[in-house]
Amino acid sequence: MTTLTPAPRNGRTSSLRAHRGAESPWRSPLTIIGLAVITAWVLVIVFAPLVQTHDPLGQSSDRLAAPGAGHWFGTDALGRDVFSRVVAGARISIPVAVALVLLSMLVGGILGAAAGYLGRVVDEVVMRIADVVFAFPTIILAMVIAAALGPSLFNAVIAMLLVSWPAYARVTRSLVLGAKNYDYVVAGRLLGFGPFTSLRRDILPNVVAPVLVLGTLDLGTAILTLSGLSFLGLGNVPPTPEWGSIVADGMQQFSSWWIATSAGLAIFSIVVAVNFVGDALRDSLDPQSQRMVRGRSL
C-alpha cells in the first residue's frame with residue numbers, strides 16, 4: 001500500500017511571501033532609487049559645509065574653467081566653484097519647496113474643509129476664488145504676482161502659495177463632502193460635537209492620506225516652478241546660490257555647458273526621485289490601485 005506524503009509547504013509559503021513582497025510599491029526598483037536619491041540630497045543639505053570644496057561665494061582668477069580635479073563642476077564667469085554653489089543651492093531650493101507645499105496644504109486644507117463642511121456661502125466664496133485662480137496658467141499667474149511684488153525668494157514663495165492652494169482646497173472639499181455623511185460622523189454631531197471637533201476627530205483621518213499624496217506629487221512641481229521664477233529673475237536674488245539662478249548664469253555663458261548642466265541635473269534628479277516616491281505613496285494608500293496591481297500580477 002502506497003503512502004501519500006503531503007507535499008512540503010515551504011515552497012508555496014516562500015512563493016506567497018515573494019508574491020506579497022513584489023506587490024509592495026515600496027519594493028519597486030524605481031521607488032528604491034527615489035528614496036536613495038532623496039536621502040542623498042537630505043545628507044547634502046545637512047552636511048553642506050563639509051561637502052563643499054570651496055566657498056560658494058568666493059571668486060578666483062580661474063574663470064570659466066572646465067570640470068577638473070580642482071573644480072569638479074568647473075567655475076562660472078566670476079570664478080566661483082559650481083559644485084559648491086550647487087550644494088549650497090540645495091539648502092535653498094529643496095527646503096523652500098517643502099515649506100511651500102506644506103503651507104499650500106495647510107491653507108488649502110483649511111479653506112477646503114471649511115467649504116465642504118459648512119457649505120452655502122463659505123463654499124461658494126472659496127470655490128469661486130479657486131475657479132478664478134484655475135482660470136489662469138499657474139506659471140503665468142505666479143510670474144505676474146512675483147513681478148508685482150518684486151524679485152525676492154520670499155515674494156516668489158508668496159506668489160506660488162497664492163496659485164497653489166486651490167488644488168488642495170478642491171481635493172479637501174470633495175473628501176469632506178463625502179466623509180461628513182458617514183454614520184459615525186453624523187452620530188458624533190448628534191452627540192453634540194461642534195464643527196471643529198467633528199472635523200478634527202472624525203473627518204480629518206479620512207482626508208490626510210489623499211492630501212499627503214497630492215503634496216508629495218506636487219513637491220517636484222514646486223521645485224521646478226520656484227527654479228523657473230529664479231531663472232527669470234523673479235525669485236532668488238544673486239549672489240545667493242539657487243538652482244534656477246545658476247541655470248540662468250549658465251545660459252549667459254552657453255559655451256560653458258557645465259554651469260547650467262550641473263544645476264539642471266540636480267533639479268532633474270530630485271524632481272524625478274520625488275515623483276517615484278509619490279507614486280509609491282499613492283499606490284500604498286489607495287486600495288483600488290492595490291487591487292489593480294494584484295489583478296495584473298495574478
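User: Where does valine 274 lie, and what makes that element a helix?

Analyst: Valine 274 lies in α11. A helix here is a DSSP run of H or I with at least four residues, while a strand is an E run of at least two, and both are numbered from the N terminus. The model is predicted: local features need pLDDT of at least 70, side-chain atom pairs count only at pLDDT 80 or more, and totals for chains, interfaces and linings use all residues. Residues are numbered from 1 along each chain as its sequence is written, and side-chain values use heavy atoms, with hydrogens and water left out.

User: Why is valine 274 called buried?

Analyst: Buried means under 20% relative accessible area, exposed means over 50%, and partly exposed is in between, with a 1.4 Å probe and protein chains only. Valine 274 has 4% relative accessibility, so it counts as buried.

User: Which residues does valine 274 contact, and what makes a pair a contact?

Analyst: Contact means heavy atoms within 4.5 Å. Leaving aside neighbours within four places in sequence, valine 274 is in contact with Ile38, Thr216, Leu219 and Gly220. The C-alpha atoms of valine 274 and aspartate 218 are separated by 8.8 Å, and the two residues are 56 apart along the chain.

User: How do you know how serine 262 is classed?

Analyst: Serine 262 also lies in helix α11. Its relative accessibility is 12%, which is why serine 262 counts as buried. Not counting residues up to four places away in sequence, serine 262 touches Phe73, Val82 and Val86.

User: What makes α10 mostly covered?

Analyst: Seven of the ten residues of α10 are buried. They are Trp243, Gly244, Ser245, Ile246, Val247, Ala248 and Gly250, and these residues pack against α2, α4, α9 and α11.

User: What makes a set of residues a nonpolar core, and how many residues has the largest one?

Analyst: A nonpolar core is a set of buried Ala, Val, Leu, Ile, Met, Phe, Trp, Tyr and Cys residues joined through side-chain atoms within 4.5 Å. The largest has 54 residues, and those with the most contacts inside it are Trp41, Leu226, Trp243 and Ile270. At least two residues of this core come from each of α2 (29-46), α4 (82-118), α6 (138-149), α7 (153-179), α9 (195-231), α10 (243-252) and α11 (257-285). The most is given by α4, with 14 residues. Apart from this core lies another, of six residues, including Ala115, Met127, Ala130 and Trp165.

User: Which residues does tryptophan 41 touch?

Analyst: Not counting residues up to four places away in sequence, tryptophan 41 touches Val86, Ala90, Ile94, Trp243, Ala266, Ser269 and Ile270.

User: Why are α6 and α7 called oblique?

Analyst: Angles under 35 degrees count as roughly parallel, over 145 as roughly antiparallel, 65 to 115 as roughly perpendicular and the rest as oblique. The axes of α6 and α7 come within 8 Å and cross at roughly 140°. The two helices are therefore oblique to each other. Thr138, Leu141, Ala142, Ile145, Ala146 and Leu149 of α6 make the contact with Asn155, Ile158, Ala159, Met160, Leu162 and Val163 of α7. Axes are lines fitted to C-alpha atoms, for helices over the stretch in contact, and angles run from 0 to 180 degrees between N-to-C directions.

User: How many helices and strands does the chain have?

Analyst: The protein chain has twelve helices and zero strands. Of its 298 residues, 41% count as buried.
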